[in-house]
Protein chains: 6
Amino acid sequence: MRGLIDRLRGVERDIVQAPEAGSGPYYEPQGSEIAIFEAAWRRRLPVMLKGPTGCGKTRFLEYMAHRLGRPLVSVSCHEDLTSADLVGRFLLDGESTVWQDGPLTRAVKAGAICYLDEIVEARTDSTVIIHPLTDHRRRLPLEKRGLEIEAHEDFLLVISYNPGYQTVLKDLKPSTKQRFVAIDFRYPSAEIEARILQNEVEGLDAELATRLVAIAHKARALKDHGLDEASSTRSLVYAASLIAAGLPPLEAGEAALINPLTDDVELAMALREIVKAHLAAA
Amino acid sequence: MRGLIDRLRGVERDIVQAPEAGSGPYYEPQGSEIAIFEAAWRRRLPVMLKGPTGCGKTRFLEYMAHRLGRPLVSVSCHEDLTSADLVGRFLLDGESTVWQDGPLTRAVKAGAICYLDEIVEARTDSTVIIHPLTDHRRRLPLEKRGLEIEAHEDFLLVISYNPGYQTVLKDLKPSTKQRFVAIDFRYPSAEIEARILQNEVEGLDAELATRLVAIAHKARALKDHGLDEASSTRSLVYAASLIAAGLPPLEAGEAALINPLTDDVELAMALREIVKAHLAAA
Amino acid sequence: MRGLIDRLRGVERDIVQAPEAGSGPYYEPQGSEIAIFEAAWRRRLPVMLKGPTGCGKTRFLEYMAHRLGRPLVSVSCHEDLTSADLVGRFLLDGESTVWQDGPLTRAVKAGAICYLDEIVEARTDSTVIIHPLTDHRRRLPLEKRGLEIEAHEDFLLVISYNPGYQTVLKDLKPSTKQRFVAIDFRYPSAEIEARILQNEVEGLDAELATRLVAIAHKARALKDHGLDEASSTRSLVYAASLIAAGLPPLEAGEAALINPLTDDVELAMALREIVKAHLAAA
Amino acid sequence: MRGLIDRLRGVERDIVQAPEAGSGPYYEPQGSEIAIFEAAWRRRLPVMLKGPTGCGKTRFLEYMAHRLGRPLVSVSCHEDLTSADLVGRFLLDGESTVWQDGPLTRAVKAGAICYLDEIVEARTDSTVIIHPLTDHRRRLPLEKRGLEIEAHEDFLLVISYNPGYQTVLKDLKPSTKQRFVAIDFRYPSAEIEARILQNEVEGLDAELATRLVAIAHKARALKDHGLDEASSTRSLVYAASLIAAGLPPLEAGEAALINPLTDDVELAMALREIVKAHLAAA
Amino acid sequence: MRGLIDRLRGVERDIVQAPEAGSGPYYEPQGSEIAIFEAAWRRRLPVMLKGPTGCGKTRFLEYMAHRLGRPLVSVSCHEDLTSADLVGRFLLDGESTVWQDGPLTRAVKAGAICYLDEIVEARTDSTVIIHPLTDHRRRLPLEKRGLEIEAHEDFLLVISYNPGYQTVLKDLKPSTKQRFVAIDFRYPSAEIEARILQNEVEGLDAELATRLVAIAHKARALKDHGLDEASSTRSLVYAASLIAAGLPPLEAGEAALINPLTDDVELAMALREIVKAHLAAA
Amino acid sequence: MRGLIDRLRGVERDIVQAPEAGSGPYYEPQGSEIAIFEAAWRRRLPVMLKGPTGCGKTRFLEYMAHRLGRPLVSVSCHEDLTSADLVGRFLLDGESTVWQDGPLTRAVKAGAICYLDEIVEARTDSTVIIHPLTDHRRRLPLEKRGLEIEAHEDFLLVISYNPGYQTVLKDLKPSTKQRFVAIDFRYPSAEIEARILQNEVEGLDAELATRLVAIAHKARALKDHGLDEASSTRSLVYAASLIAAGLPPLEAGEAALINPLTDDVELAMALREIVKAHLAAA
């Protein structure tokens with residue numbers, strides 16, 4: 001079996017990749033977000049995608065990168081991410097140290113779209129390092145090498161920001177926010193969300209899609225009653241997938257729409273009522 | 001004696017191992033957990049096992065890995081665990097640095113089931129690093145190498161989560177939870193728990209098993225009276241084992257069912273009453 | 001496409017650069033700031049630029065560096081910036097360690113203007129290391145090498161400081177502040193700000209420039225009603241650029257003047273009213 | 001004298017040592033602790049020794065290790081102890097890095113009893129790393145090497161735990177405690193404690209031993225009056241040793257039974273009264 | 001221009017330097033500080049200079065070092081300064097590590113006066129490492145090398161201390177303070193301060209010097225009304241220098257005496273009134 | 001002069017040194033401390049010296065080391081001191097790492113008296129590492145090397161402890177304190193203190209010594225009125241030394257007995273009155 005494992009092992013590839021040919025990722029437009037992004041792109045103004053969890057920000061950016069024909073470099077930020085993780089660092093190689101560009105540096109050089117997902121989570125040096133990239137200078141200082149890089153003419157910086165998550169300790173400084181053009185995202189309308197479901201889960205019939213979306217809309221109303229976060233479109237896709245894989249609808253709803261959302265017994269019961277009301281007959 | 005020590009020393013082996021042949025680990029199903037897991041596996045949806053200490057989550061996963069014929073890589077998370085511990089790091093080797101894959105990377109490449117036990121304990125970079133593995137991308141970025149890995153088609157990510165332990169400072173973000181299909185675990189029913197005991201401790205007679213389970217059920221009711229945590233099935237196995245090793249039942253109860261559970265004199269007395277009531281005559 | 005990427009990659013260049021020939025950066029004087037800076041320069045007194053976000057401090061310094069014919073070395077400070085990041089550090093090279101000057105050391109040697117942007121954010125060792133550079137000694141100690149550097153006769157130290165941002169934990173010590181001549185910056189007058197807009201965005205007509213400036217002045221009045229930070233000149237440039245790129249004025253206002261400034265629904269509505277009042281007919 | 005120093009220098013030896021031949025360490029049994037330990041040993045169940053400072057937990061384990069004929073590896077835990085200190089780390093050796101097993105790894109391989117003294121003091125990664133050693137897996141993962149070790153069949157893990165010391169921040173998780181069979185230790189009875197004293201301090205007459213023990217019992221009663229910790233058996237051994245070395249009894253009591261226990265003037269006076277009442281005539 | 005930059009680059013020199021020949025630094029004595037310092041020097045007692053910001057402590061020490069003919073090694077302390085920064089560390093050089101003395105070690109060996117400026121800011125290991133240098137032992141332990149250094153017979157340790165800055169968390173321990181002879185510094189008298197101004201700024205006429213000093217005395221009275229720190233002599237020198245460089249007196253006052261001292265609008269207005277009252281006619 | 005500096009440079013020597021021949025350090029006994037220490041030494045019981053700042057603990061230990069003919073290794077502890085600083089660490093040397101013993105390890109091997117001054121300041125791993133050295137085991141584990149050292153038969157561990165300094169966060173655990181025989185130190189009686197002064201400062205006449213001691217006794221009474229710490233014997237030696245160096249008595253009192261003790265104006269005035277009352281006529 002060890003041979004089997006070796007034969008099938010995951011494929012390594014460069015993080016900077018030209019977009020694949022073809023029609024590109026599926027994306028359902030919700031408003032003027034494509035026009036705003038394209039205007040910002042024309043002037044190379046940095047962009048901030050604002051909006052809640054799982055509302056499609058990442059997918060939108062994959063769609064725009066394909067549409068504009070630019071590579072996309074994504075970095076998920078977290079509280080241990082330092083500027084060195086973005087910019088690069090020296091590594092020992094044989095008898096000397098060699099510099100290895102980080103993902104931001106590579107994107108700056110290659111003219112890629114660089115997506116710093118939830119940058120507010122990163123250490124502050126990471127938010128400061130991008131300042132000179134976001135104004136007329138369009139430069140990335142590599143202070144450890146005594147160099148700076150003038151960005152490729154097609155480089156674009158994009159960050160995401162979830163307004164509900166920030167705390168007093170962790171928030172983007174207003175002076176940083178104003179360095180971006182900002183696009184607001186919300187959950188899609190029921191009609192659009194049902195179309196997304198059908199597109200994501202092959203063979204999902206329209207009625208079940210509509211029922212699942214109806215559950216989400218009811219569940220989102222519980223957010224003011226203590227639910228930490230509304231059901232995301234992703235949760236609906238999971239529920240539909242489990243049903244498509246043969247699981248009874250009520251069990252699929254339990255596993256995808258209730259258990260991941262809450263540990264609270266009463267909230268779970270409220271969600272269960274909603275699920276039953278829409279899926280019991282499915 | 002030094003020679004003796006050398007001869008018997010523990011065996012080192014790779015952490016990615018094909019499941020052993022044969023009937024696999026013993027597991028008593030409690031509900032639809034096997035069906036849910038198999039549906040998630042068919043769609044390669046990431047899975048979260050929710051439930052209290054010692055209720056059998058680890059054993060369930062060993063059982064499922066054997067049933068599905070996949071290797072299982074387990075990582076116990078803790079608050080000093082960083083993404084480098086999961087993904088890998090550079091090591092000095094002779095005159096150059098070489099990259100060494102971490103356990104997550106190895107599982108991603110080998111198509112193993114990777115089990116991150118109590119991931120909420122880990123540093124936040126560890127929870128962020130798994131995001132691209134849990135959506136349509138199924139990719140693991142190795143940022144320090146400027147690479148990303150497309151997961152093996154059989155790779156599955158599983159995490160565990162104990163709802164009773166989270167604090168304000170340490171909890172999975174709702175956006176992370178919704179990236180998983182979640183299966184709820186509880187303590188097994190008395191009948192099942194007695195069967196588990198008899199299976200684990202060779203020669204344990206049915207009556208003693210039933211008595212021990214009865215103690216646990218009584219003790220679990222004390223949880224609302226200040227006991228930090230209910231008696232686990234593991235504690236019952238320990239008590240039965242000590243009795244099987246020749247220790248008088250009351251002393252076995254003291255050592256396995258009372259002393260490890262509480263330092264409080266009154267709670268210890270309450271537990272002792274329960275133990276005596278069921279084991280004094282054993 | 002990979003070849004394309006390589007061909008267009010961003011240009012690396014030394015951070016210490018002689019000013020470009022020509023008329024230099026565009027700058028609209030607001031008061032006596034040029035005279036004060038030149039007097040300080042003549043006596044080589046260190047300078048502190050005080051003022052809010054996006055009011056033109058960086059641009060002013062680029063202008064002065066060009067006017068005085070000195071190279072400009074800028075460092076954006078942040079809470080992980082240590083004195084080693086400014087002064088330099090030892091790196092492994094082949095079989096020995098070599099010293100690499102940091103940006104401050106390079107500026108001190110080259111007689112550049114060194115600009116430490118928001119130095120209060122840096123670690124305290126960074127603010128202490130500049131003390132001997134700011135008095136009659138004009139020396140930079142390289143303690144790790146057991147050396148000190150007598151500054152080039154044309155070296156000048158400039159720092160920036162945003163009075164609104166400091167907290168009890170993060171503030172320049174009075175003893176540090178008094179080592180600088182300080183120039184106060186404010187937002188430009190409406191007339192000057194409109195001129196700046198027209199200069200920055202080619203083809204922007206005077207009326208639209210005036211309207212945008214009027215929005216900013218109204219929005220700045222909201223600062224006492226909970227807005228974290230007033231609209232910067234930069235935001236106006238962004239709005240004008242998006243309009244110039246073909247976006248309808250109201251959508252440009254939404255993306256550049258509302259979304260980046262606030263997540264609060266009511267404040268956003270107040271801003272939206274202001275934007276509509278001035279741009280609806282544009 | 002330098003030569004003298006070199007000649008008498010302390011002896012280095014391996015931390016894993018076969019027990020010495022002969023009758024082994026002196027130990028006075030207090031209850032069923034030997035039977036419980038032997039039952040746990042027969043089933044290879046991990047053991048937790050609970051009890052206050054200086055009540056003989058370390059000595060008991062030395063006694064059991066000798067009785068069972070296993071090497072004993074002890075590690076005193078502290079808040080800077082990480083899992084690497086237990087498991088091992090890479091060291092540079094010549095041109096490559098070599099792995100060096102930590103004390104836990106060596107015990108696991110050699111089939112020793114590994115004693116983690118006050119493990120609650122260690123960093124949490126240390127408590128998590130032992131989990132797979134304490135259940136049916138009996139494996140120690142060496143994550144940095146991508147290996148795991150199947151424990152030697154004679155390996156036994158023992159930890160100690162002082163119920164009086166834990167705080168909200170530092171306590172073993174209930175899920176960790178339930179992985180152990182626990183043995184409760186208390187201070188020995190007066191009769192046993194006097195026997196211990198006579199055994200430890202050669203030539204100590206029975207009456208003085210009895211007097212010293214009486215002091216300790218009186219002093220322990222002060223614990224509810226502000227004394228941080230009761231007099232340990234060790235303190236009594238010190239007092240007896242100083243008297244045996246020729247110091248007057250009252251001064252020995254001052255140095256061993258009063259000064260180390262409190263800095264409080266009134267508590268010291270109370271202790272002095274107790275000492276005088278029992279030793280003035282000695 | 002690059003050639004120009006290289007030709008004029010700052011001069012590197014050893015931090016331990018013999019005092020320059022000639023009359024030495026200008027210093028205006030304020031009381032018996034020279035006599036106290038010389039008496040301490042004769043007995044090699046360590047000295048602490050106490051006093052507020054910018055009152056001339058550094059200048060005094062430069063003067064004394066020249067007067068006594070000893071080299072002066074100054075270290076500005078900060079909260080990231082560790083004992084290794086003072087004592088030295090191992091560096092990689094070729095194939096081995098070499099020890100590099102820190103500035104304190106070099107001063108101890110060379111018999112220099114070592115000045116630790118604001119030592120209370122440094123990490124505590126820095127204040128402890130100097131203890132054996134401040135008593136009869138006069139030794140500096142180099143614990144990392146297993147050595148200690150007997151100080152050169154002319155070595156003298158001097159520290160500075162600003163009584164207004166200490167907090168509960170950051171203060172010299174009384175046991176450390178008592179290891180020093182302490183000299184109190186205050187702002188100079190009006191007459192002396194005017195003389196200092198004229199000496200520092202060539203061509204400054206006596207009347208303007210007197211007016212500037214009068215401003216400082218008025219401003220210092222504001223310290224009880226919320227001003228963080230009184231105007232230092234250094235601020236007066238800056239104001240005089242800007243005037244000498246051609247700036248109108250009121251603007252020089254704004255830049256040197258108001259802006260660096262406060263961000264508070266009302267305090268700034270109060271200072272402005274004082275400046276106007278004395279300089280409007282200048 | 002550079003040559004001069006090199007010629008006189010401080011002498012490096014090993015930290016483990018045989019005691020010098022001759023009569024040894026001057027020490028004035030205060031009570032039974034010598035007898036207690038010798039009794040502890042005979043039984044090799046670890047010793048704790050308790051007492052306030054500057055009351056002679058260090059000098060006592062130097063005296064005892066000379067009297068017993070053992071080398072003395074002193075380590076001043078501080079909050080960054082780790083067990084590696086005491087025990088040793090690996091250093092790179094040429095192509096391999098070599099172990100370098102720390103001062104504690106060297107003392108353990110050489111049979112020296114090891115003095116850990118204010119050990120409570122050190123990190124907790126430092127206090128735990130000494131546990132096996134303080135009981136019947138007398139072993140020092142070198143965990144990083146997988147070794148342990150059996151202490152030289154003449155090794156003795158001594159720590160100091162200042163009861164006034166401990167806080168809730170920083171205190172020796174009772175279980176650590178009980179591992180030591182403790183000797184209480186106080187300030188010497190007036191008569192003894194005057195003798196110490198005369199012995200320390202050559203040529204000091206008896207009357208001045210008596211007057212200085214009288215100042216200290218008065219000043220110590222101020223401790224209950226807000227003075228952080230009483231005047232130490234060391235301060236008196238400083239005052240006497242400055243007078244011997246020619247400084248007028250009142251100025252010597254100011255520099256040695258007032259300025260180092262307090263920054264408070266009223267306390268300073270109270271101290272000044274005391275000094276004047278005793279020294280004005282001197």
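How many residues of chain F are in contact with how many residues of chain D? In this predicted model, 59 residues of chain F are in contact with 58 residues of chain D. The legends below begin with that interface.

**View 1. The interface of chain F and chain D.** Chain F and chain D together bury about 5000 Å², and carbon and sulfur atoms account for 51% of this area. Of the area that chain F buries against chain D, 15% comes from F:Arg43, F:Glu143 and F:Gln178, more than from any other three residues. The count of salt bridges between chain F and chain D is 1. It joins F:Lys50 to D:Asp263, with the closest N and O atoms 2.9 Å apart. Polar contacts between chain F and chain D number 13 residue pairs, both residues of each pair being at pLDDT 80 or more.

**View 2. Elements of chain F on the side that touches chain D.** At least two residues each are supplied by helix H2 (33–42), helix H5 (103–110), helix H6 (124–129) and helix H7 (174–177) of chain F. Strand E4 (88–93), strand E5 (96–101), strand E8 (147–150) and strand E10 (181–184) of chain F also supply at least two residues each. H2(F) gives the most to this side of chain F, with 5 residues.

**View 3. The interface of chain C and chain E.** Here 59 residues of chain C and 58 residues of chain E take part in the contact. The two chains bury about 5000 Å² between them, 51% of it on carbon and sulfur atoms. C:Arg43, C:Glu143 and C:Gln178 contribute 14% of the area that chain C buries against chain E, more than any other three residues. Across the interface of chain C and chain E there is 1 salt bridge, and its partners are the side chains of C:Lys50 and E:Asp263 (2.9 Å, N to O). There are 13 residue pairs in polar contact between chain C and chain E, both residues at pLDDT 80 or more. Elements that give two or more residues to the side of chain C that touches chain E include helix H5 (103–110), helix H6 (124–129) and strand E8 (147–150) of chain C. H2(C) gives the most to that side, with 5 residues.

**View 4. Chain C laid on chain E.** The copies use different surfaces, and 7% of the contact residues of chain C recur in chain E.

**View 5. Helix H5 of chain C and the residue after it.** H5(C) is mostly covered, with 8 of its 8 residues buried. The buried residues are C:Pro103, C:Leu104, C:Thr105, C:Arg106, C:Ala107, C:Val108, C:Lys109 and C:Ala110. After H5(C) comes C:Gly111, with a positive phi near 70°.

View 6. Most residues other than glycine have a negative phi. C:Glu118 has a positive phi of about 55° although it is not a glycine. C:Glu118 sits in the loop between strand E6 (113–117) and H6 of chain C. With a relative accessible area of 17%, under the 20% cut-off, C:Glu118 is buried. In chain F, phi of F:Glu118 is likewise positive, near 55°, and F:Glu118 lies in the loop between strand E6 (113–117) and H6 of chain F. F:Glu118 is buried, with a relative accessible area of 16%.

**View 7. Thr233 of chain D.** D:Thr233 belongs to helix H11 (residues 233–244) of chain D and is buried, with a relative accessible area of 9%. The side chains of D:Thr233 and D:Glu193 are joined by a polar contact of 2.8 Å. Apart from neighbours within four places in sequence, D:Thr233 is in contact with D:Gly54, D:Pro188, D:Glu193, D:Ile196, D:Leu197 and D:Arg220.

**View 8. Helix H3 of chain B.** H3(B), residues 57–68, has 12 residues. From its first C-alpha to its last, H3(B) reaches 16 Å, close to the 16 Å expected at 1.5 Å a residue. Buried residues in H3(B) are B:Lys57, B:Arg59, B:Phe60, B:Leu61, B:Glu62, B:Tyr63, B:Met64 and B:Ala65. B:Gly69 follows H3(B) and has a positive phi, near 70°.

Methods: Residues are numbered from 1 along each chain as its sequence is written. Chains are lettered from A and ligands numbered from 1 in the order in which they are written. Side-chain values use heavy atoms; hydrogens and water are left out. Contact means heavy atoms within 4.5 Å. Helices (H or I, at least four residues) and strands (E, at least two) are DSSP runs, numbered from the N terminus. The expected span of a helix is 1.5 Å times one less than its number of residues. Buried means under 20% relative accessible area, exposed over 50%, partly exposed in between (1.4 Å probe, protein chains only). Buried area is the accessible area (1.4 Å probe) that two parts lose on being put together, summed over both. A salt bridge is a side-chain nitrogen of Lys or Arg within 4 Å of a carboxyl oxygen of Asp or Glu. A polar contact is a pair of N or O atoms within 3.5 Å; within protein, one must be able to donate a hydrogen and the other to accept it, and residues adjacent in sequence count only if both atoms are side-chain atoms.
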